[in-house]
Amino acid sequence: MADLGAISLWIALALATYSTIGSVAGKLRMSPALVDSAQSAMYAAGPALLVATLSLVVAFISRDFEIAYVAAHSDLAMPNKFTWVAFYAGNEGSLLYIATVLSIMSAIAIWRAPEKLKDALPYTTAVLMLTLTFFLAVTAVMANPFDKLPFVPIDGEGINPLLTHFGMFFHPPALMAGLIGITVPFAFATGALLSGKTGDEWVDAGRVWGIFSWVLLAAGLLLGSWWAYTILGWGGFWFWDPVENAAFMPWLGITAFVHSIMVQKRRGMFRMWNIVLINVSFGLALYGMFMNRGGSVPSVHSFGSSQLGWIFLMFMAIGVVVPFLIFIWRYPLLKSAQNLDSMLSREAAFLVNNMLLLAIAFVTLWGTVYPLISRLTNDEEITIARPFYDQVNGPLMLALVFLMGVGPLIPWRKAGIASLRKSLLPPITGGLLTVGVLATLGLHKEYALIGFGLSAFVTTGILMEWYRGTRSRHRSSGENYATAFLRLIMANRPRYGGYIVHLSVVMVTLGIVGTSFFSVQKDVVLAPGESVQVEDYELVYLGTQEEFKGNRTEFIATVQVLRDGERLETIRTKRDFYPSFNMAATTAAIRSTPVEDLYIVPSENLPDGSVGFRILVNPLIWWMWVAGPVMLVGTVVALWPQKIRVPAPVPSPRRIATGLRPSAD
Amino acid sequence: MRPSNVPHFPVTLTFRAALLLAALSLFALIGVSTIGVLHAQIPEPAYSESEAQGIDRMIMCPVCPAETIDQAQVQISMQMRQVVREMLAAGSDRDEILDFFVDRYGKDILAAPPKSGANLVAWLAPVVGVAAALAAVFLILRSMTRKEPILGPPRPLQDAGLIPYLQLVDRHLDMTRSSPSPSGTSGQSESTVELSGPEISTDPKENPEENV
Amino acid sequence: MDAETVISIFIGAVLAAFSFAVVCYTFLKDRQPMTAAAEITAATDNQALEDIFDAINTLDLEFQLGRMAQEDFQTQFQAYRVQAATVLRDQLEAGRGDPTWLLEQEILLARGDQASADDRVLACPNCSAAVLEGDLTCPHCGTEMAQQS
C-alpha cells in the first residue's frame, strides 16, 4: 500500500499546486473557466488525501514494516486500535494529517462560502491551496510517510508508551486541526483584501470559521491539560512548556479575533484591526506548528528534526511578511463605516479585551524567547518557567475575567452611567459578598480571594442577565419561564452561546485558582501495610501486583482510602515500565469530586515491595474538566445558524434571469 | 404597547428577595467548594513541607528537558530535593538555598530569572509592554470618538415617499417581534412619522440638542 | 511485481485520471450566462436588511434588560426603521428585487393607499407579501392563511 499512498500524495500535491496557480492566473486573466477548474482541483485534493490516509492506516494494520514510518511507530504486539495514535506519532504522519484536515476544511469553506464573496473566492482558494501545497511539498519531499526501508525488519520499534493513553486519541488531532484551521478565516480575509473587498463581506465566513478553529484549539488545549494531569504523574496540568505556549498564543489571538469580529459585524468598525489580528493569529499558528517540528528550544513535545524547522521558519516568515504587505497595500481602503459614540461602550470594551489577550500572548512569547535572547546577548543561560508566568500572566488573566463580567453588561454605542450602575450592582454585590464570606471563613490569600470574587462577579452577572431576559419575555409573550428561557436563547444565539462559553471560562478559573493556591502535596515511601495521613484522608497501601505484559511490566498498587475511619474506596494506581524505551508511564488514581481531587501516583517501585507515592489533594480541579463540555455546548449554540427574517424573500437566480413566477412549494 | 409600559427595573421587594436568593445560592456553591479549600489552611508543622515543595518548584532539574525538581523523578532530582530539606532543617532560608544551587549550576537552574541586574529586563519588559498597550488602546479610543460622523445620517422624514416602505417595515416588525415596543403598530407609526418627521431625524446638524 | 503493487498502481492511475478529468471538465462544458453580478447584489441587499433587523433585535433585548434610556432606544430604533425602509425602497426602485415580489408589493402599496377600514391588507406571515383579508392562501408562497372569524 505504500505505493498507492505515495502516488496519491503526489497527485494531491499536483492538484494543490495547480489550484493555487490556476486561481490566481484565472482571476488575473479573467478566465472563469480556469478559476472553476482550479476550484475543482481543490475539491479533488480531498479524496486524494483520504486515499493516502487510508493507505497509511491499512499499512499500519497490516504491519507493513517495509514502510519506515510504520516500522518506527508500531510493532507486532501493538493492538490495532492504537493505529489511530500511531498515525500522528511522528512528523510524517502528523503532516499528512494536517494536510488532509486542511483540504477538507478548505473544500467545505469554499463550498459554503456566502454569495457576496464570489469575487474574492479565487484568491481565498489560492491562499488555502498555497498553504496546502507547502505542507504537501514538505511531506512528499522531506518527510514522506511512505518511504521504504532497504530491507523489511522483522518487528517494528513500537509505539511511544505515552501515546497509548486515552487523552492522546483526541488531544493532538484537535490541537493540530485547530492550528491549521486558523488558515481558513485568514484565507477569507486575505482573499477579500486581494480582490478589493475592503468592507464587511468576509465577516460572516470569518466569524464562523474563526469560532470553529477557536473551539478546536480550546478543546486541544484542555484535553492536553487533562491528559498531562492524569498521565504524566506530577499532578499539574500546564507547564508553560515552549510548545504548549506555541499553541496557547494563537488561541489567544483567535479569541481576540472572534470578539472583535462581532464589532465589525454589528457596526462595520475595526476593519483594519481585524485584518491585523487574523494575520497575527495565522503567524502565531505557523509559529506553533514550527515549534512542533524541532524548534530551537528543547521540550517534551518536539518531534526533533532540525531541517524541517528551517523550512517552517521560512514559510512562517513569508506567512507573516506577505500578508503584512497586502495589508499596507490595501490600507487606504480600509475605513470604518462608523465612528465610536462613546468610550464607555461595548466596542471599546472589546478593544480592551483584545489588548489584554494580546498582552498575555506577548508575555507568553517573551517568556518563551527570552532564554534565547539572554543566551545570545549577554551569554547567560536563564530559565523561564512557571513562577515567571504566575507572577506576570496571573494578574492579566484576572483582569480579563473582570472584563468578561463587565463587557456583556455594557450596551453597544453608548452606555448611560445610570443604567450601567444599575446593571453592575448585583454582580458587584455578589463578588464582594463572596470575598467577605471567604475572608471571614479564614481564607486570606489575596490572589485567591480576588479570583473567587471575580468568578462570583461574572457568574452573578450572567445569571442576572438570563433571569431578566427570561422574565421580560415571559411578561410580554405569556410563555412560562422555561419556554421563555429557551426561546430567549434561540432568538439570540451568538449572545447566549457566548454567555455559556463565559461560564465555562469561570469554571476553568475556579479550577486554576483552587489548584494553584490550595493544593497539598506529599511525597512518601510506603511499605505494604503502612499508611499515611494527607489532609483528612488516610491512605493505606496494601501491596503491589506485578504483571508482565508483552512490551512492559505493570506495577499495580492497591491503596485503601479512608476518611474519619470510614472506608471510602479502594483504588488502584499503576506504573508501567517499558524496558525497550527505558521509560515509565504512570496512570494516576484520582478520586474526583467537585470539591477536590484526591490524586495518587506511584513514582518508584522499590525491590522490597515499597512504593514511592506522590499524593495530592487538588481542590476544585474537577470544574476545569467539566468546563470542556460546557464550552462545546456554548459554541454549538453560538454557531447555530439563525435566519433573520426580512420583508423580502431571497430572489433566486432562476427567477431573476427568467422572470418566471415561482411555484407555490 | 403604550410608551408608559416601558419595562424599567422597579427595585421591588420581590426583586431584592430574588437577588438575595441568587446571591445566597451562589455562596452555597462556593462555600461547599471552599470547605475542601480551607483544609489547606491548616498550618504545617516544623520546617514546613509545603515550603520545601515551594522551593522545589523554583529549581529546575539539570538533566531533564525543562522540568523542576518537584516534577522530575530521576535520581539527581531526588537528591536535590533531599538537599533542600536538609538545608531548611539546618535553618537556611529560601534565598540561601537558591544561591547555593546557583553557585553550583549557574543561573539557569532557577525556574525564573532573579529580579536583579541584567535580568530585570525579563521582568520589566512585559510590564512596559502591557502598559504601552493599554495606553495605546486609550489613545486610539479617544481619537475614534473625536472624529466627525462618517456615514451620513438617514434621510430626514420630510421624505413622504418613504411612508409606504415604513409601513412594510412596521408590518414585518409586528409579526417578527415577540415583544412589542413603543412604536410597534403601523397605524401609530405612520402618524408618528408624518407628524414628527423633523424630530426623529438623527442628523446631528439638525438636532444639536441630541449631542452627548 | 506483486499483486499489491499492481493494485496500488491501478488505483493510483484511476485517481490521477479522475483528478485530470475533474480539472479539465470546466474547460469543456458550456458556460452559463453570467448572473453572478445580479446574485451578488441581491445577496448584498438581503445582507443589509438582515443586519438591520438583527440590530433591531439586539436593540430590543438591551432595552428590555434596562441598559438604555428610553430616548436612546427611540433614537436608534427610529434610525433603523428609516434605514430599513430606505434599503427596501432602493431595492424596489432599482428593480433589483424578485420581479414577482416587486409586482406584488406595488399592488400592496396601491391597495394600501386606497384601502378602506373594511378592506384590510395584511402581510403573509411567511414571506411578508401582500394578502387581502379573506384570501385563503398567500399568492406568493402559497402558505395557508389562518381565517379570522
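Buried, as the word is used in these legends, means a relative accessible area under 20%. The views are drawn from a predicted model.

View 1. A search over all chains of the structure finds 37 aromatic pairs. One of them is the stacked pair of W240(A) and Y389(A), with 4.3 Å from centre to centre and 15° between the planes. This pair links distant parts of the chain, 149 residues apart, since W240(A) belongs to the loop between α9 (203-232) and α10 (242-267) of chain A, while Y389(A) belongs to helix α14 (residues 386-406). Both partners are buried, W240(A) at a relative accessible area of 10% and Y389(A) at 1%.

**View 2. The edge-to-face pair of W622(A) and W623(A).** The ring centres are 5.1 Å apart and the planes stand at 90° to each other. W622(A) counts as partly exposed at 27% relative accessibility, whereas W623(A), at 14%, counts as buried.

**View 3. Arginine side chains over tryptophan rings in chain A.** R330(A) lies over the face of W329(A), at 3.9 Å from the ring centre. In the other example, the charged end of R112(A) sits over the ring of W111(A), 5.6 Å from its centre.

**View 4. The interface between chain B and chain A.** The two chains bury about 6,300 Å² between them, 68% of it on carbon and sulfur atoms, and the contact takes in 66 residues of chain B and 70 residues of chain A. One salt bridge is counted between these chains, and in it the side chains of R614(A) and D70(B) meet at 3.6 Å, N to O. Nine residue pairs are in polar contact across this interface, with both residues of each pair at pLDDT 80 or more. On the side of chain B that touches chain A, at least two residues come from each of α1 (13-39), α2 (49-56), α3 (75-89), α5 (120-146) and α6 (163-176), and α5(B) gives the most, with 15 residues.

**View 5. Salt bridges within chain A.** Side chains of opposite charge can pair when their charged atoms come close. Over all chains, the count comes to 27 salt bridges. Among them, K148(A) and D3(A) meet at 3.2 Å, N to O, and join positions 145 residues apart, K148(A) being in the loop between α6 (121-142) and α7 (171-181) and D3(A) in helix α1 (residues 2-28) of chain A. K148(A) is partly exposed at 40% relative accessibility, as is D3(A) at 24%. In another salt bridge, the closest N and O atoms of R591(A) and E569(A) are 2.9 Å apart; R591(A) lies in strand β7 (residues 589-592) and E569(A) in strand β5 (residues 566-578) of chain A, 22 residues apart. Here R591(A) counts as buried at 16%, while E569(A) counts as partly exposed at 32%. Salt bridges with shared partners also join E547(A), K549(A), R552(A), E554(A), K574(A) and D576(A) into one network.

Key:
Residues are numbered from 1 along each chain as its sequence is written. Chains are lettered from A and ligands numbered from 1 in the order in which they are written. Side-chain values use heavy atoms; hydrogens and water are left out. Rings of Phe, Tyr and Trp (its six-membered ring) pair if their centres lie within 6.5 Å; planes under 30 degrees apart count as stacked, over 60 as edge-to-face and the rest as tilted. Helices (H or I, at least four residues) and strands (E, at least two) are DSSP runs, numbered from the N terminus. Buried means under 20% relative accessible area, exposed over 50%, partly exposed in between (1.4 Å probe, protein chains only). A charge sits over a ring if NZ of Lys or CZ of Arg is within 6 Å of the ring centre and within 35 degrees of the ring normal. Contact means heavy atoms within 4.5 Å. Buried area is the accessible area (1.4 Å probe) that two parts lose on being put together, summed over both. A salt bridge is a side-chain nitrogen of Lys or Arg within 4 Å of a carboxyl oxygen of Asp or Glu. A polar contact is a pair of N or O atoms within 3.5 Å; within protein, one must be able to donate a hydrogen and the other to accept it, and residues adjacent in sequence count only if both atoms are side-chain atoms.
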